[in-house]
Amino acid sequence: KQLAYDGPIKIVAYLRRQDSFLPSLYKQAVSGGRKTDFDTWLTDMSHRGDYLPVLDRWADAFGAEAITVRPYERDGHTIDVVEDFLSVLGIDPQSMPENRRRGSHNPSPRRELLQFLRAFNQLNLKINYEKFFFTVIKRNKAYIRSADLLTYDQRRALVSRYEDGNRALAVRYSREQAPL
């Protein structure tokens with residue numbers, strides 16, 4: 001069934017702290033065949049953590065009032081984005097079917113397993129990364145970890161690098177009290 005909608009366009013952007021987002025994005029890149037080490041990739045892709053120019057381009061096209069920014073993490077935990085989005089729309093998430101998947105849908109490999117996957121990429125091996133990864137974590141859940149590529153000091157440096165842009169972004173586009 002197609003819904004008819006003739007109202008203004010609204011954009012709800014979920015943003016993750018850069019010190020969580022960039023390592024996660026790198027892990028996805030490795031799963032997609034990237035061969036580059038994390039430090040090189042981070043230098044080349046640091047612009048991906050600068051959210052403000054992206055939102056400013058959207059604001060130029062749709063107006064700043066059309067954009068609402070929501071934090072992807074709250075109180076140190078990833079939120080249920082579907083549930084949160086429904087609440088933004090004014091829909092009670094409890095009214096949705098119970099068979100909707102909940103929990104961790106996108107686990108990421110810890111550093112040691114990621115290096116193994118990168119080695120596959122270096123050898124140009126064609127494997128089903130998802131099947132391989134889920135087979136490994138089915139046997140040992142310890143191979144799941146998402147925040148293990150950066151030291152504490154590196155995390156602080158990344159957060160600091162994007163601090164001014166994040167502050168401006170919060171002032172321009174955040175419609176809630178939760179910190180971004």
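Reader: Which residues of α1 and α7 meet each other?

Author: In this predicted model, the α7 side of the contact is formed by Arg155, Leu158 and Val159. The residues of the contact divide into three nonpolar, two polar and two charged. On the α1 side, the residues that meet α7 are Gln18, Asp19, Ser20 and Leu22.

Reader: Are α1 and α7 roughly parallel or roughly perpendicular to each other?

Author: The axes of α1 and helix α7, which covers residues 152-161, lie 8 Å apart and pack at an angle of about 105°. Angles of 65 to 115 degrees count as roughly perpendicular. The two helices, α1 and α7, are therefore roughly perpendicular.

Reader: Is Ser20 buried or exposed?

Author: Ser20 has its place in helix α1. Not counting residues up to four places away in sequence, Ser20 touches Glu73 and Arg155. A residue counts as buried under 20% relative accessible area. Because the value for Ser20 is 15%, Ser20 is buried.

Reader: Which residues does Leu22 touch, not counting residues up to four places away in sequence?

Author: With residues up to four places away in sequence left out, Leu22 touches Phe38, Trp41, Leu42, Met45, Arg48, Gly49, Leu158 and Tyr162.

Reader: Which side chain reaches the backbone nitrogen of Val82 at the start of helix α4?

Author: Helix α4 covers residues 81-88, and α4 is followed by Gly90, whose phi is positive, near 85°. At the start of this helix, a side-chain oxygen comes to within 3.2 Å of the backbone nitrogen of Val82. That oxygen belongs to Asp80.

Reader: What pattern does the chain follow along the sequence?

Author: The chain has eight helices and four strands. Buried residues make up 33% of its 180 residues. Read along the sequence, the pattern is β-α-α-α-β-β-β-α-α-α-α-α.

Conventions: Residues numbered from 1 in each chain as written. Predicted model: local features only at pLDDT ≥ 70, side-chain atom pairs only at ≥ 80, totals over all residues. Heavy atoms only, no water. Contact = heavy atoms within 4.5 Å. Polar contact = N/O pair within 3.5 Å; in protein donor to acceptor, adjacent residues only side chain to side chain. Axes fitted to C-alpha atoms, helices over the stretch in contact; angles between N-to-C directions. Parallel < 35°, antiparallel > 145°, perpendicular 65-115°, else oblique. Nonpolar A, V, L, I, M, F, W, Y, C, P; charged D, E, K, R; others polar. Buried < 20%, exposed > 50% of the residue type's maximum accessible area, 1.4 Å probe, protein only.
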